Each structure stands twice: as C-alpha cells, then as structure tokens.
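Colleague: I would like a close look at one part of this protein, namely the sheet and the core that goes with it. Could you take me through that part slowly, with the cut-offs behind each term?

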Amino acid sequence: MKVYGNTELMTALSQMVESGHIPHAMLLHQDDGGGAFPLVIHFLEQLYGGNPRVDKLIHPDIHFVFPVAGADKPVSLQYLAPFRELVLQNPYFYENELYSAIGIEGKQAGISVNEARSILDRLSLSAVEGGYRAVVLYLPEKMNVQAANALLKMVEEPPRQTLFLFITQAPEKVLQTISSRCLHLRVQPLSQEAEAEVHAREAAGNSALQDLFHDLLDALVARDLLKALETADAVADLKVREQQKTFCRLASEDLRRLFLLQKAPSMARVPEGDKAYYQKMASALKPTFPRRALECLNRAQLLLERNVNQKILFTDLVNQLYCI
C-alpha cells in the first residue's frame with residue numbers, strides 16, 4: 001500500500017518499530033481522504049515483520065473498526081468485506097465513500113457500545129500469531145460516551161503488545177477520556193502532485209468505467225444521441241450496483257475538473273497524461289454544462305440508492321445531459 005508524502009511521519013513510525021518504543025495508543029489527525037490509513041498499514045507491515053496479510057487487511061490480529069448504522073445495532077465485523085474492497089481499491093477514501101460502500105448512505109453512522117464490547121471480546125483472546133494485537137479505529141469522533149467509557153480502561157492500560165491506532169478528522173470532537181491517552185500525530189494533506197497521482201491510480205483501477213463516461217462526453221459534444229444512449233445502456237447493464245455508483249462518482253469528479261478548467265484552470269488537478277483530453281472537453285462544452293450536469297448526476301445517484309430501474313435511470317440521465 002503506497003504512501004504519498006508525510007516522509008517525516010513515516011520515518012518516525014519506522015523508528016518506533018526499530019527501537020521497540022511503541023506508544024500503546026496513537027491518534028492520527030488527517031483531512032478527509034488523507035493519508036492516515038496507508039501510513040497505519042505501512043507501520044503495521046513493519047511491526048508484523050512484512051507479513052503480506054497485513055497489506056491485504058486479513059491479518060487475524062489486526063481488527064478494523066469504523067462507524068456503522070442500523071436498527072439492529074450492527075458492528076464493523078458485519079461490513080468487513082465491502083470495507084476491505086474499498087480500502088484495497090483506494091486507501092485514500094473519503095468518509096462518504098465508506099458509507100456508500102457499506103450501504104448506509106443517509107443514515108446516522110456511529111460507533112456504539114455494542115462495537116466497544118465487540119472490541120473487548122476480540123482483545124480478550126490471545127494473539128493468533130503470538131505477537132501484537134492492533135485495533136485500527138476510523139473516526140473515533142463518532143464514538144458515543146458509552147462506547148468510550150467501555151473502552152477507556154483497555155485504552156488506558158492495555159495488555160502487553162496491544163495497540164490502538166485511531167484515525168480522526170476532527171480531533172477536537174474525540175472524547176477527552178480517549179484523546180488524552182493517545183500520542184497525537186498530524187498527517188499532512190497531500191500535495192497537488194500526490195493527490196493527482198492518487199486519483200490517477202484510482203482511475204486506472206476503474207479505467208473501463210471512466211472510459212464509459214468519456215464515451216458519453218464525446219457523444220454529447222458530437223450531438224450523437226444514439227451513441228450517448230448506447231453508453232447509458234452499457235452503464236445500466238453493469239452487473240454490480242457498486243460499479244454503477246463508481247461510474248457516477250468518477251463522472252462527478254470529471255465534471256468538477258471540467259468546471260475548474262473552464263473557470264479557474266490553475267486550481268484544476270488533472271493527471272498529466274489526461275490534460276489534453278480534459279482541456280479539449282472544457283473548450284467544447286458550454287460553460288454551464290459541468291454545473292448543470294453535476295446536478296443531474298447527483299439526482300441519478302440518489303435514485304440509484306432508491307433502487308430505481310437502472311435502464312430508465314441512465315436513459316433519463318443521458319436525455320437530461322443531451323438537453324443542457
């Protein structure tokens with residue numbers, strides 16, 4: 001899992017492993033979509049002697065915890081499969097992307113006392129491989145008071161070789177009882193170049209989906225409605241709904257790039273190899289197109305979550321974009 005930037009922090013974490021002086025609880029402060037998660041995985045890879053299961057997020061002694069939602073008070077364990085899929089695809093994920101991946105968009109996500117009890121149950125067992133046990137907890141600011149109180153003693157005085165690694169986007173909202181027991185580390189935001197490379201890697205993993213949206217843009221610029229509707233059919237025929245969600249997300253990111261290229265080119269973060277294409281599209285499309293098209297995309301994403309017929313949904317989307 002590649003780490004971009006934060007060289008000094010990565011070096012400090014490596015030195016902790018080499019020296020054996022490892023704080024039992026660390027609070028890493030990142031911006032949304034920042035680099036804390038790959039830093040944590042890199043640190044754990046070193047701690048576990050390069051075990052390949054760490055990078056695959058399947059090491060039995062590493063427990064991942066994140067906000068969830070549901071009337072039956074679920075816990076993170078119930079969502080590990082889509083969580084792993086998301087992180088392996090893009091470790092620089094945004095908070096809303098997590099909720100989309102585990103299917104709780106629009107719900108009040110949190111870390112409940114049930115989650116805390118689940119963590120304590122898992123930590124009551126001996127380490128499978130006889131070494132460290134680690135809890136990676138994403139967004140501790142979503143933890144309620146009952147959960148924090150349940151975990152407090154374990155965080156304050158953990159058993160030997162037990163680590164808590166908290167990743168927060170709002171350290172001031174983390175309950176003081178937890179925050180005060182942690183070493184605080186600031187994860188610096190990605191540089192423009194690093195962010196562009198992250199987006200480029202993610203786009204490479206979804207190249208077929210991004211190509212579909214580019215085909216749609218080409219058809220709209222050429223005023224070829226038939227070709228545009230063929231693209232709508234191709235998106236509607238995608239077998240997995242998550243792929244349709246990803247198509248919408250990539251399309252939204254492209255529209256934001258086009259908007260910035262038209263209005264503030266110096267602020268547009270476009271992968272170097274794609275600049276010519278985006279600049280051509282920005283010149284060919286009406287100045288009002290990106291903003292109005294983004295509104296159409298947002299509505300389509302909302303309807304997709306409501307299980308509207310995909311054929312009708314994407315055909316209607318293309319018709320709206322064609323009429324802008």
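Modeller: What follows goes from the sheet as a whole to its strands, then to the nonpolar cores and to a few helices.

This is a predicted model, in which local features need pLDDT of at least 70 and side-chain atom pairs count only at pLDDT 80 or more, while totals for chains, interfaces and linings use all residues. Residues are numbered from 1 along each chain as its sequence is written, and side-chain values use heavy atoms, with hydrogens and water left out.

The sheet is open and is formed by five strands in the order S2-S3-S4-S1-S5, with parallel pairing. Helices (H or I, at least four residues) and strands (E, at least two) are DSSP runs numbered from the N terminus, and two strands count as paired if DSSP finds at least two bridges between them. In general, strands of a sheet pair through backbone hydrogen bonds, either parallel or antiparallel. At the edges stand S2 and strand S5 (183-186), each of which pairs on one side only. From one strand to the next, the twist averages 20°.

S3 then pairs with S4 in the parallel sense over six bridges, and here Leu137 stands opposite Phe166 in S4. Six of the six residues of S3 are buried, so this strand is largely enclosed by the rest of the structure; buried means under 20% relative accessible area, exposed over 50% and partly exposed in between, with a 1.4 Å probe and protein chains only. Both faces of S3 are covered, with Arg133, Val135 and Leu137 buried on one side and Ala134, Val136 and Tyr138 buried on the other.

S1 is mostly covered, since four of its five residues are buried. Helix H1 lies across S1 and S5, and runs at about 145° to S5; the axes behind such angles are lines fitted to C-alpha atoms, for helices over the stretch in contact, and the angles run from 0 to 180 degrees between N-to-C directions.

Which residues have the most contacts inside the largest nonpolar core? They are Phe37 and Leu44, in a core of 45 residues, where a nonpolar core is a set of buried Ala, Val, Leu, Ile, Met, Phe, Trp, Tyr and Cys residues joined through side-chain atoms within 4.5 Å. At least two residues of this core come from each of helix H1 (7-19), strand S1 (25-29), helix H2 (36-47), strand S2 (62-65), helix H4 (80-89), helix H5 (95-102), strand S3 (133-138) and strand S4 (162-168). H2 gives the most to the core, with eight residues. Leaving aside its neighbours within four places in sequence, Phe37 is in contact with residues including Leu57, Phe64, Phe83, Val136 and Ile167, contact meaning heavy atoms within 4.5 Å. A second, separate core of 41 residues includes Phe213, Leu220, Phe247 and Leu285.

H5 deserves a word of its own. Seven of the eight residues of H5 are buried, so this helix is largely enclosed by the rest of the structure; among the buried residues are Glu95, Glu97, Leu98 and Tyr99. Just after H5, Gly103 takes a positive phi of about 75°.

Another helix to look at is H11 (residues 225-236), which holds Thr231. At 6% relative accessibility, Thr231 counts as buried, and, apart from its neighbours within four places in sequence, Thr231 is in contact with Leu212, Asp215 and Leu216.
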